[in-house]
Amino acid sequence: MPNVSSSGCARIVASLSGIGGDDTRLQPGEADAPTYARRVSGTARIVVVEDDASVAQLVTLYLRNAGYIVEHAATGQRARALFDEVKPALVVLDLGLPDADGIDLFNELRAQADTPVIALTARAEDTQTVAGLDAGMDDYLTKPFNPRELVSRVRAILRRAAGMPGGGRVLRVGNLSVDPARHEVLVGERAVALRAKEFELLEAFCRQPGMVLTRDRLLEDVWGFAYPGETRTVDVHVKQLRDKLAGADAKIETVWGVGYKLVAPSL
Ligand code: CA
């Protein structure tokens with residue numbers, strides 16, 4: 001499992017690019033490609049405030065790979081500007097910035113909006129500060145941390161936020177609607193009961209309709225791991241989903257040798 005630290009990032013980013021055969025996974029050089037933002041438009045925006053370029057690059061890569069739109073600020077000043085401009089759904093905030101005290105910056109942002117914040121801390125004393133804070137940070141991670149852990153915490157917080165009154169967003173593809181906050185699926189007017197992993201898998205498809213999602217990526221997004229040879233788990237769940245979603249005009253199509261995509265007549 002890769003960890004984020006100041007020293008190891010370049011190596012980890014390099015090794016990520018070597019993961020075999022998964023051609024939809026972002027390569028490091030593509031992390032900033034403008035086309036990617038267009039492909040995932042409509043998903044949550046996240047501002048990453050981090051002055052360490054290698055940590056910022058790795059965190060950005062993982063979050064973009066998870067389908068989020070990511071903007072990066074290397075300073076407190078840039079963070080304030082981006083916060084106003086982007087109105088993010090969540091902020092990842094390194095507390096050790098060159099031009100701002102992280103806690104002060106957090107309080108400033110919180111005074112403007114209730115946007116969830118995950119703090120990144122480098123030192124034990126920061127961790128104690130954050131843990132002892134009543135300031136209302138939603139979560140924190142101490143460096144070095146596993147970027148996958150960050151992604152899963154971001155997801156959890158955004159799900160919680162979506163469950164708040166007025167915060168929910170129902171995903172609609174064709175006559176299929178998926179309500180992540182209520183955990184409900186409708187085909188037209190018909191409610192469909194799904195198991196937890198089937199629901200998460202369908203949610204992953206509905207967040208990126210029309211896009212090919214590889215089995216490895218789905219394994220990682222839904223099950224939290226990617227081991228070669230385990231991809232049959234995905235196939236089994238896709239089959240179950242297809243059976244349960246009979247009558248939906250959105251279909252999960254097989255893309256031979258690659259993975260699956262959700263298509264609807266309107267796409
Ligand atoms: Ca820092």
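Student: What percentage of the residues of the chain count as buried?

Tutor: Of the 267 residues, 32% count as buried, a residue being buried if 20 or more other C-beta atoms lie within 10 Å of its own, exposed if 12 or fewer, and partly exposed in between, with C-beta atoms placed from the backbone. This is a predicted model, in which local features need pLDDT of at least 70 and side-chain atom pairs count only at pLDDT 80 or more, while totals for chains, interfaces and linings use all residues. Residues are numbered from 1 along each chain as its sequence is written.

Student: How many helices and strands are there in the chain?

Tutor: The chain has 10 helices and 12 strands, which are DSSP runs numbered from the N terminus (H or I over at least four residues for helices, E over at least two for strands).

Student: Which residues touch the most other members of the largest nonpolar core?

Tutor: They are I46, V49, V59, L63 and L93, in a core of 40 residues; a nonpolar core is a set of buried Ala, Val, Leu, Ile, Met, Phe, Trp, Tyr and Cys residues joined through C-beta atoms within 7 Å. Helix 3 (residues 53-65) gives the most to this core, with 7 residues. Apart from it lies another core of 20 residues, among them V234, V238, A250 and L262.

Student: What makes helix 8 oblique to helix 9?

Tutor: The axes of helix 8 (residues 196-207) and helix 9 (residues 215-223) come within 10 Å and cross at roughly 125 degrees, where axes are lines fitted to C-alpha atoms, for helices over the stretch in contact, and angles run from 0 to 180 degrees between N-to-C directions. Angles under 35 degrees count as roughly parallel, over 145 as roughly antiparallel, 65 to 115 as roughly perpendicular and the rest as oblique, and therefore helix 8 is oblique to helix 9.

Student: Why is helix 8 called roughly perpendicular to helix 10?

Tutor: The axes of helix 8 and helix 10 (residues 232-244) also come within 10 Å, but cross at roughly 85 degrees, so helix 8 is roughly perpendicular to helix 10.

Student: Which residues of helix 8 and helix 10 meet?

Tutor: K197, E198, L201 and L202 in helix 8 meet H237, Q240 and L241 in helix 10, two residues being in contact if their C-beta atoms, placed from the backbone, lie within 7 Å.
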